[in-house]
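Have a look at it first, and then we'll go through a few spots.

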Amino acid sequence: MINFEEELKKFHPSLEVEDAEEAIYNQDLTDMADLLVKTIKESEEKSEQ
Amino acid sequence: MFCYNCGCHLSEHDFCTACGVDVSLYKKIMHISNMFYNEGLEKAGVRDLTGAINSLRQSLKFNKNNIEARNLLGLVYFEMGEVVAALSEWVISKNLRAEKNIADDYINMIQSNASRLDSINQTIKKYNQALLYCNQDSRDLAVIQLKKVLSLNPKFVRAHQLLALLYMDSEQWEKAERELTKCKNIDCNNTQTLRYLQEVEQMLAPEEAVRQPGKRKKEDTVRYQSDNEVIIQPLSVRENKNSAVSTLLNIGLGLIIGLVAMYFLAVPAAEDAAANEAKKPLIELGNQLDVKTANIKELETQIAKLQTQNENLNSELQGYVGTDGTLSTIDTLLVVAADYIESGDIYKAAEKLEVIAQNINIDATSEAFQKLYNTLLGSIGPELSQTYFRTGAEAFRTEDYATAIENYLKAVYYDAANADALYELGNTYRRSEDSANAIITYDKVIELFPDTDWARKSKRYRDDLAGGSN
């Protein structure tokens, strides 16, 4: 049986057009490729030391 | 695919042919990203939008530069009515690849139409307001607001789901089912939609189960849907068989009711028609009377106007006509002429001519009158003009400019060819610091007596005054 109050908590206010800019800036764009490159560079630095 | 280290194009080898760095892991990551993109594309193709979003997000987690995946993600968001999320993805995509990017077209499509953008914003605001109403327990208002949202953006899945939830809460299962079906048509594999739908079907199923079992009790109603309404039509209601007596009784009752209705409706109408017919000649006479009264009033107004005009003309004529019936002004002029011929007193004649000029408009008088008046004025004018000129000059010397102006004006009046008087009048105005009149007078001197010493002097003074006033 669905509980209305509980289900209602799952709905969040939608972003308005004015807030789009902030949402774009706050988006974390780090991907696996970034992590890989970072790890490789760190390991290279360690081996050089 | 390009090397993450030097940016060169990668070959089929597991190392970069330009810088020699190992790219095997990097290549795998790119392949996984592409794999998720393909999966997302397939899911979007069968309208599993939620699944497509998940796959495309995964794809972007592996490779944020997967422009196709990002653009498709934006498109899927847009299809679900999440316009701001879609715009965000397209803007990021455009920033990652500025040239040859379809995201540019998508953004332009939305931004170029100001009314559409405004409508999108209104939809979002209304949805947020509806959510607020839900949290404030104003569910009726929330339903109204959500209906508005969906009329503006029928593909807004979240709004459909919230509306379905509200219907479910108020146990309007059919309506909830309709909303959820619409959700399913947009996004066929949305977990939340499917969960709600399951609940709704469970609530609707027992009713079906009771109706369909082996007993097969005949249904007493027929349900069918017309537009948005469910029509329930009873089947078991049957008319009782009437006996012949009751039929006759009903017919008789109908006749009585008909007669009574006719008495109350038709008879008064017929009476009104007859009365109206009788009144017709009276109305016609009344109309004729009105027309004649209007004519009389108009004629009376005309008479009053003519009487006023007549009185005015009579009073005007009284001004001209003397006691013996002759026109007094003509009489006066004749007397002036006779006196002047007899005595030769130009001052007396001038005084009387001034009185005549004050009382009547000389230009409006007869030709003979004007001729006599002008002859008299021409006879006495030059001499009189010289007299006034001398008096004016005397006043000018004593710096009594007001008197000087008065006398010079008379000198010019009695002899328009008296250039000296006109020039001195200008000088007097100038000395009394009346630049406007001085300039006008100097202009007259220049115009009437060109190529004279007066004109040259007048021009010099005039230019000085004009320069000073500027």
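## Two helices side by side

How are H7(B) and H8(B) oriented to each other, roughly parallel or roughly antiparallel? Keep in mind that this is a predicted model. Helix H7 of chain B covers residues 139-152 and helix H8 of chain B covers residues 157-169; their axes come within 10 Å and cross at roughly 150 degrees. Angles over 145 degrees count as roughly antiparallel, so that is what H7(B) and H8(B) are to each other. The crossing of H7(B) past H8(B) is left-handed.

On the H7(B) side, the contact is made by Arg139(B), Ala142(B), Val143(B), Leu146(B), Val149(B) and Leu150(B). H8(B) brings Ala159(B), His160(B), Leu162(B), Leu163(B), Leu166(B) and Asp169(B). Sort the residues of this contact by class and you get nine nonpolar, one polar and two charged.

## Where the chains meet

The contact between the chains draws on 20 residues from chain A and 32 residues from chain B. In chain A, helices H1 (4-9), H2 (20-26) and H3 (32-48) each supply at least two residues of the side that touches chain B. H3(A) gives the largest share of that side, with four residues.

## A look at Glu229(B)

Glu229(B) sits in strand S2 of chain B, which spans residues 229-234. Is Glu229(B) buried or exposed? It counts as exposed, because it has 9 C-beta neighbours inside 10 Å, and the cut-off for exposed is 12 or fewer.

Glu229(B) and Glu174(B) are 55 residues apart along the chain, with 9.8 Å separating their C-alpha atoms.

Methods
Residues numbered from 1 in each chain as written. Chains lettered and ligands numbered in written order. Predicted model: local features only at pLDDT ≥ 70, side-chain atom pairs only at ≥ 80, totals over all residues. Contact = placed C-beta atoms within 7 Å. Axes fitted to C-alpha atoms, helices over the stretch in contact; angles between N-to-C directions. Parallel < 35°, antiparallel > 145°, perpendicular 65-115°, else oblique. Left-handed = near helix turned anticlockwise from the far one by under 90°. Nonpolar A, V, L, I, M, F, W, Y, C, P; charged D, E, K, R; others polar. Buried ≥ 20, exposed ≤ 12 C-beta atoms within 10 Å, placed from the backbone.
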